[in-house]
Amino acid sequence: MPLPKLPTKPADTIDIGSIATPKTRTAATAARARPKANVADMPAAATAVAADMAQPAKTTRPTATKAASKTAAKSVAVKQPSPTATKTAAVKTTPTPKKTAVKTATTAATETKKLFVLDTNVLLHDPSSLFRFQEHDIFLPMMTLEELDHHKKGMTEVARNARQVSRSLDALAAETTDILHGMSLNALGNKDATGLLLFQTSNMESDLGISLPTGKADNMILSVVQTLQKQQPKRQVILVSKDINMRLKARALGMEAEDYLNDHSLEDSDLLYDGIMQLPANFWSRHGKDVESWMQGGITYYKIKGPLCPEFIINEFVYLEGDTPLYAQVKEVSGKTAVLATLRDYTHKKNNVWGVTARNREQNFALNLLMNPDCDFVSLLGQAGTGKTLLALASGLTQVLETKRYSEIIMTRVTVPVGEDIGFLPGTEEEKMQPWMGALEDNLEFLNSGIHSEAGDWDRSASKEVIKSHIKVKSLNFMRGRTFLNKFLIIDEAQNLTPKQMKTLITRAGPGTKIVCLGNIAQIDTPYLTEGSSGLTYVVDRFKGWSHSGHITLQKGERSRLADYASDAL
């Protein structure tokens, strides 16, 4: 075997760079073969080989050096984990904490969401209540569905609501593949409802801890609520019911219960808009600078500026009594600028309406609204004896028989008895409605009693039969689908209407029709309706500020001193 050639240079003058170059390349290759590898991650043998290679071999031959370099490269390549192995480990190990984090976040979100258990009367009262709970979840016990099925037959409002709820549930179920895990409430386009609708799919009988009739629907729903509380102790489970006794029983058994408040226009009826604002005594000193005034059609207009102007509402009445009295109506509001228009004085006999004159400030305001052809919707609130029906009927007769602004008067009201129902009534629609229209008869008798003998030729010659021929009495049950053209529509006892019924009536108005709503929210006879959820409260709040509507709350009774004292004392 031939011996290797000796180096041409002495050993102590060998160029270290020529020997280190292959080592450097080998190390770089090994580094590329194991990305993100650290020296601390290298096996002990590979580390020792690399350390030996890093020392300059003064007597090592080039051939031996190359062999050592190849051996070291192979050792490093074999013992270092390959890139594929590294990726596989990352894929397998990293998702575990991510899934845990997602589950934790989902669990936390579920716990913060409330779970509302709906009683049947909530759905029958408001069919859209399913979509009124925002991000929270809804649970429907099977007994609720059973009661819905019992109420779906008939032509009453309750039956229509039950059928509408059933249609909504059927549409939601059609959009869901897995009902057991809940149905998305926003599947039908209700963007505000982001929660889930859950059905009772298993037996949820629970011992309420007290002996109650087991077959009663209310007790079965309470049992479901208690079972849900046990199954989800970290979640707030709330029973929603319009039944006061149901809520009382739930609270007595340690469950949370609430009334359905989404249909309430106002939490407190004392905050209801009354259409009147009393101006402060220093009104002109603060708003009298740069006042502009002009006359138009016999009405004086004032354009004022001041800090009180942003609080005005369109068609609101303002008054100031004293040395310089002011009775006006707000016509325009723009920032700190407002336009006020003076009123017609209906307290004077020359401005009587079918022989009727206003007896107080609020009645004068009401007649200004009722006789204004630009005001399409008027609502009058007040206690018994404040003159709501009389003012509406007198203004209607004047505009039907004298000015010919409307073709006829249509009067309707809710047929809710004060006491026990007397049964079915014979006759046609108008004959059936006559017992409910005692207020109409009383006011017509007053208007035809000769008190208004100075009113005019039409009034003197018109007989009671002619007047009655221009007054039609209609039932609410047959209003759907109708359109009234050039009619003066009076809705009496409107406090007994639900918001949905009120919407149905007002949307019947065609061109040239004026609608007048009368009522007293302190005399509600319809079950489950309160002062805050009445249809009359609803429209007063929603029409507030519209330029073609107005509202007045009549304060003083004008029926008799006996009636006034009874209203206050009883």
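# Sheets, hairpins and helix packing in a predicted model

Reader: Which residue takes a positive phi in the hairpin of S11 and S12, and how many residues lie between the strands?
Author: Gly-335 takes a positive phi near 65° in that hairpin, where two residues separate S11 from S12. Please keep in mind throughout that this is a predicted model.

Reader: How do S11 and S12 pair, and over how many bridges?
Author: Strand S11, residues 326-334, and strand S12, residues 337-342, pair in the antiparallel sense over six bridges. Within that pairing, Val-333 stands opposite Ala-338 in S12, and Gln-329 stands opposite Ala-341 in S12.

Reader: And what about S10 and S11, how are they joined?
Author: S10 and S11 run antiparallel and are joined by four bridges, with Val-318 having Ala-328 in S11 as its bridge partner. These two strands also form a hairpin, with five residues between them, and Gly-322 in the turn has a positive phi of about 140°.

Reader: What is the strand order of the open sheet that holds these?
Author: The order is S7-S10-S11-S12-S9-S8, an open sheet of six strands with mixed pairing. Strand S7 (276-278) and strand S8 (292-296) are the edge strands, and each has a single partner strand, so one side of each is left without a neighbour in the sheet. From one strand to the next, the twist averages 30°.

Reader: Which strands does H12 lie across?
Author: Helix H12, residues 361-370, lies across S7, strand S10 (317-320) and S11, and it runs at about 145° to S10.

Reader: At what angle do H12 and H13 cross, and with what handedness?
Author: The axes of H12 and helix H13, residues 388-402, come within 10 Å and cross at roughly 35°, and H12 passes H13 in a right-handed crossing. On the H12 side the contact is made by Gln-363, Ala-366, Leu-367 and Leu-370, and on the H13 side by Leu-391, Ala-392, Ser-395 and Gln-399. By class, that contact has five nonpolar and three polar residues, and no charged ones.

Reader: Changing topic to the other open sheet, what is the order there?
Author: Six strands form that open sheet in the order S3-S4-S2-S1-S5-S6, and the pairing is mixed. Its edges are strand S3 (183-184) and strand S6 (256-258), each with a single partner strand, so one side of each is left without a neighbour in the sheet.

Reader: Do S2 and S4 run parallel or antiparallel?
Author: Strand S2, residues 137-140, and strand S4, residues 196-199, run parallel and are joined by three bridges. Phe-139 stands opposite Leu-198 in S4.

Reader: What is the angle between H7 and H9?
Author: Helix H7, residues 142-150, and helix H9, residues 217-231, pack at an angle of about 150°, with their axes 9 Å apart. That angle makes H7 roughly antiparallel to H9. Met-143, Thr-144 and Glu-147 in H7 meet Ala-217, Met-220 and Ile-221 in H9, a contact whose residues divide into four nonpolar, one polar and one charged.

Reader: How about H18 and H19, at what angle do they cross?
Author: The axes of helix H18 (residues 499-506) and helix H19 (residues 535-542) come within 8 Å and cross at roughly 60°, which makes H18 oblique to H19. H18 passes H19 in a right-handed crossing. Pro-499, Met-502 and Ile-506 of H18 make the contact with Gly-535, Leu-536, Tyr-538 and Val-539 of H19, and these residues divide into six nonpolar, one polar and no charged.

Reader: What does Gly-519 touch, leaving out residues up to four places away in sequence?
Author: On that count, Gly-519 touches Leu-380, Leu-381, Gly-382, Lys-388, Ala-494, Gln-495 and Leu-536. Gly-519 and Ile-491 are 28 residues apart in sequence, and their C-alpha atoms are 8.5 Å apart in space.

Key:
Residues numbered from 1 in each chain as written. Predicted model: local features only at pLDDT ≥ 70, side-chain atom pairs only at ≥ 80, totals over all residues. Heavy atoms only, no water. Axes fitted to C-alpha atoms, helices over the stretch in contact; angles between N-to-C directions. Parallel < 35°, antiparallel > 145°, perpendicular 65-115°, else oblique. Left-handed = near helix turned anticlockwise from the far one by under 90°. Contact = heavy atoms within 4.5 Å. Nonpolar A, V, L, I, M, F, W, Y, C, P; charged D, E, K, R; others polar. Pairing = 2+ DSSP bridges.
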